[in-house]
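Welcome, and thanks for taking a look at this model with me. Have the viewer open as you read.

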Amino acid sequence: MVLKNNLKEFRQNKDYTQDDLGKSVGVSRQTIISIERYRYKPSLELAMKIARELNIKIEKLFYFA
Amino acid sequence: MTLSKKEISILIEITFSIIFTLIFLPFFYRNQETLFVISELMGKVIEIIIFVVIYFSIAYSLLEVIYKNKITEDERCDMINSKSYKLGYLLYEFSLFIFIGKLVNSSTHQNGEIIFLILALLLIVSIIKSTYHFYLHRTF
């Protein structure tokens with residue numbers, strides 16, 4: 001099982017740039033890029049911050065595939 | 001290829017280690033017999049200090065001028081730092097074994113030779129660690 005996410009899709013739906021989202025949750029643009037490319041698995045705290053910022057349930061944002 | 005401010009700052013460190021190796025290490029190799037003569041060494045030490053101050057002042061000033069935004073240190077940076085420092089720690093341990101092995105096997109030890117060996121090992125480890133740090137920032 002691999003942890004994947006729909007971050008790019010939900011971020012674009014909310015008209016956030018990678019930089020905007022990074023700043024609003026306190027991480028760099030590179031970290032958002034890495035999460036979107038499944039290269040970096042965020043901590044639970046960061047995942048919940050992103051989900052709250054995008055106003056979406058965490059289980060919809062992150063899933064096992 | 002666009003590089004972030006953090007990646008450029010790592011490249012500055014790598015470049016420094018390489019320049020130091022090319023410019024100053026040959027001096028320590030050539031003058032192993034006279035390294036403990038304070039008058040001989042002081043000039044070089046002052047030269048190194050001036051070089052370090054000028055190099056980092058210019059490099060980081062240029063970096064601040066080109067990249068206005070602040071470097072954001074987040075959990076990904078912490079993870080990358082811990083991975084590269086772990087490699088650095090293992091390499092330092094390994095180089096300590098090399099150093100002890102050299103001391104045990106060599107019948108005649110010159111103090112200058114020991115200083116050169118320590119400096120060379122530190123620089124090699126520093127270059128490998130920083131390169132791995134840069135690689136992780138690019139690929140993670």
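Helices here are DSSP runs of H or I with at least four residues, strands are runs of E with at least two, and both are numbered from the N terminus. This is a predicted model, in which local features need pLDDT of at least 70, side-chain atom pairs count only at pLDDT 80 or more, and totals for chains, interfaces and linings use all residues. Residues are numbered from 1 along each chain as its sequence is written, while chains are lettered from A and ligands numbered from 1 in the order in which they are written.

## Two loop residues in chain A

N55(A) sits in the loop between α4 (44-53) and α5 (58-61) of chain A. Its phi is near 55°, a positive value in a residue other than glycine. Most residues other than glycine have a negative phi. N55(A) is exposed, with 8 other C-beta atoms within 10 Å.

D15(A) is not a glycine either, yet has a positive phi of about 60°. Look for D15(A) in the loop between α1 (7-13) and α2 (18-25) of chain A. D15(A) is exposed, with 7 other C-beta atoms within 10 Å.

## Chain B at a glance

Chain B has 5 helices and 0 strands, giving the pattern α-α-α-α-α along the sequence. Its C-alpha atoms fill a box of roughly 50 × 30 × 20 Å along the principal axes. Of its 140 residues, 9% are buried.

Two residues are in contact if their C-beta atoms, placed from the backbone, lie within 7 Å. Among contacts in chain B between residues at least 6 apart in sequence, 87% join residues at least 24 apart.

Helix α3 (residues 38-66) of chain B has 29 residues and reaches 41 Å from its first C-alpha to its last, close to the 42 Å expected. The expected span is 1.5 Å times one less than the number of residues. The count of buried residues in α3(B) is 0.

Helix α1 (residues 5-23) of chain B packs with α3(B) at an angle of about 160°, their axes 11 Å apart. That makes the two helices, α1(B) and α3(B), roughly antiparallel, a label for angles over 145 degrees. Axes are lines fitted to C-alpha atoms over the stretch in contact, and angles run from 0 to 180 degrees between N-to-C directions. On the α1(B) side, the contact includes I8(B), I12(B) and F16(B), and α3(B) contributes Y55(B), A59(B) and L63(B).

## Helices α4 and α5 of chain B

The axes of helix α4 (residues 75-105) and helix α5 (residues 111-139) of chain B come within 9 Å and cross at roughly 160°. α4(B) and α5(B) are therefore roughly antiparallel to each other. Among the contacting residues are L87(B) and L91(B) of α4(B), with L121(B) and V125(B) of α5(B).

The 31 residues of α4(B) should span 45 Å at 1.5 Å a residue, and its end C-alpha atoms are 45 Å apart, which agrees. Which residues of α4(B) are buried? They are R76(B), I80(B) and S84(B). These buried residues pack against α3 (29-36) of chain A together with α5 of chain B.

## Where the chains touch

The contact takes 6 residues from chain B and 10 residues from chain A.

How values were computed:
Buried ≥ 20, exposed ≤ 12 C-beta atoms within 10 Å, placed from the backbone. Parallel < 35°, antiparallel > 145°, perpendicular 65-115°, else oblique.
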